[in-house]
Amino acid sequence: MSVPTKTGPIFSGIDSAKQLQVVFDTAHLRIRDIQVRFNSRTPETSEIAEDALGRRGSSSTSQTPDALAAEVSDYMSFMRKLKFQYLENNAKDKYVKTIVNDEAPMITADTNADMQAANLVKKDKLKAAKSRLITRHSDIRNLAPLVEQDYLKAKGLAAEATALTQSILDARLAITRLRQAHPSPRLTIPVAEGQLSSQIADMQLLEDELQAVNERISRVKDAAREGTVDIDRLRSEKAELEKKVAAHRVDADDGRAVDLCNWFDPHRYTSSLALHRLLFNMQSSRSISENELILTYTVDHPSDLTTAQNPRVIMIALLFLPNTRQLADVRVEGLEGVDITNTVDSFVQANDAPGLIWHILSRARQTFSSSVY
């Protein structure tokens with residue numbers, strides 16, 4: 001199947017365009033003269049344009065209202081000079097054409113009146129335009145400070161937004177690092193509050209225990225003070241008894257009898273034994289034989305709850321030489337894992353039984369407290 005072609009109208013359109021081009025070239029149009037005159041500008045017009053362009057190039061690139069007002073003023077000055085040059089050249093052109101033309105144009109009074117009326121209309125329009133322009137300029141001058149304030153405010157808000165964005169990024173980075181450093185399961189607020197409540201209860205219990213221990217210490221101090229008073233009283237009584245014994249002394253075969261009687265003074269022995277029991281928590285004292293004495297002590301720590309309920313027991317067996325007060329040997333039970341052999345030997349050689357007992361109890365307290373913590 002063949003497709004019909006329309007060659008006739010296409011060729012006729014091309015011919016019409018060529019004819020229009022020929023008519024346009026042969027016609028004497030004003031726009032072509034204006035193009036020629038624009039291409040052949042005078043040096044004064046070029047200098048004006050270059051001066052205006054130089055001022056535009058030297059103006060600041062900032063878009064503040066003051067800079068824009070200065071740039072608009074330069075443009076207006078340039079346009080005024082360009083308009084004056086255009087009017088001058090147009091008048092010169094018309095004057096030359098009028099002189100050179102063979103037929104002088106007919107200028108009558110009606111023509112001048114029409115031109116004057118047209119000029120009046122144009123002047124009114126120009127005056128109205130100038131008034132609008134002045135109003136616009138006054139509005140621009142009044143609004144320029146407000147626009148500048150808004151611009152500065154917007155600039156400050158933009159800087160604040162940038163800072164807040166950076167802060168948000170830093171906070172997210174810190175949260176990410178915390179999550180990496182503290183993996184799940186993490187301590188939540190309810191769990192932390194529960195631990196705080198339990199710690200408060202534990203602190204209250206410890207406070208009650210501390211108060212009880214302080215009361216116990218105060219009681220022990222009072223008892224020690226009373227024991228000291230009793231010791232002083234017994235010493236005074238001893239001094240009086242010694243004076244009486246010296247006054248009624250008789251000759252005897254063995255002078256050690258008086259000293260032994262003094263040493264076994266019932267009041268002194270009872271008071272000293274009670275004070276020793278109170279200070280060192282002595283539970284019992286047994287005399288197995290004439291030269292063997294077994295002492296039992298309890299050792300506890302004020303901050304240890306387990307030892308307060310189940311105290312540690314230390315047993316010390318003192319062996320003396322027969323019919324003397326000289327230490328021969330010491331056995332210690334309940335203090336396993338602590339080597340005190342050298343210390344015991346030194347106290348035995350010095351015949352210092354109270355110092356030995358104090359040292360053993362002190363070592364026991366240190367050992368039990370360190371094992372608790």
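**Burial, core and surface**

Modeller: This is a predicted model. Of the 373 residues of the protein chain, 13% count as buried.

Biologist: How many helices and strands does the protein chain have?

Modeller: There are eleven helices and four strands.

Biologist: And what is the accessible surface of the protein chain?

Modeller: About 29,700 Å², with 59% of that belonging to carbon and sulfur atoms.

Biologist: On to the inside. How many residues are in the largest nonpolar core?

Modeller: The largest nonpolar core has 22 residues. Ile-314, Ile-316 and Leu-318 have the most contacts inside it. Two or more residues each come from strand E2 (292–299), strand E3 (312–320), strand E4 (327–333), helix H10 (341–350) and helix H11 (353–372).

Biologist: Which element gives the largest share of this core?

Modeller: H11, with seven residues.

Biologist: What is Leu-318 in contact with, leaving aside neighbours within four places in sequence?

Modeller: Its partners are Asn-291, Glu-292, Leu-293, Leu-295, Leu-327, Asp-329, Val-330, Leu-356 and Ile-357.

Biologist: Different topic. Which residues make the nonpolar surface patch of about 440 Å²?

Modeller: Tyr-95, Val-96, Ile-99 and Val-100 make that patch.

Biologist: Where is Ile-99 placed?

Modeller: Ile-99 sits in helix H4, which covers residues 65–100.

Biologist: Why does Ile-99 count as exposed?

Modeller: Because its relative accessible area is 54%, and the cut-off for exposed is over 50%.

Biologist: Last one. Among contacts between residues at least 6 apart in sequence, what share joins residues at least 24 apart?

Modeller: That share is 43% in the protein chain.

Definitions and conventions: Residues are numbered from 1 along each chain as its sequence is written. This is a predicted model: local features need pLDDT of at least 70, side-chain atom pairs count only at pLDDT 80 or more; totals for chains, interfaces and linings use all residues. Side-chain values use heavy atoms; hydrogens and water are left out. Patches are made of residues with over 30% relative accessible area and no salt bridge: like charges are joined within 9 Å, nonpolar side chains (Val, Leu, Ile, Met, Phe, Trp, Tyr) within 5 Å. Accessible areas come from the Shrake-Rupley method with a 1.4 Å probe; for residues, only the protein chains shown count as cover. A salt bridge is a side-chain nitrogen of Lys or Arg within 4 Å of a carboxyl oxygen of Asp or Glu. Buried means under 20% relative accessible area, exposed over 50%, partly exposed in between (1.4 Å probe, protein chains only). A nonpolar core is a set of buried Ala, Val, Leu, Ile, Met, Phe, Trp, Tyr and Cys residues joined through side-chain atoms within 4.5 Å. Contact means heavy atoms within 4.5 Å.
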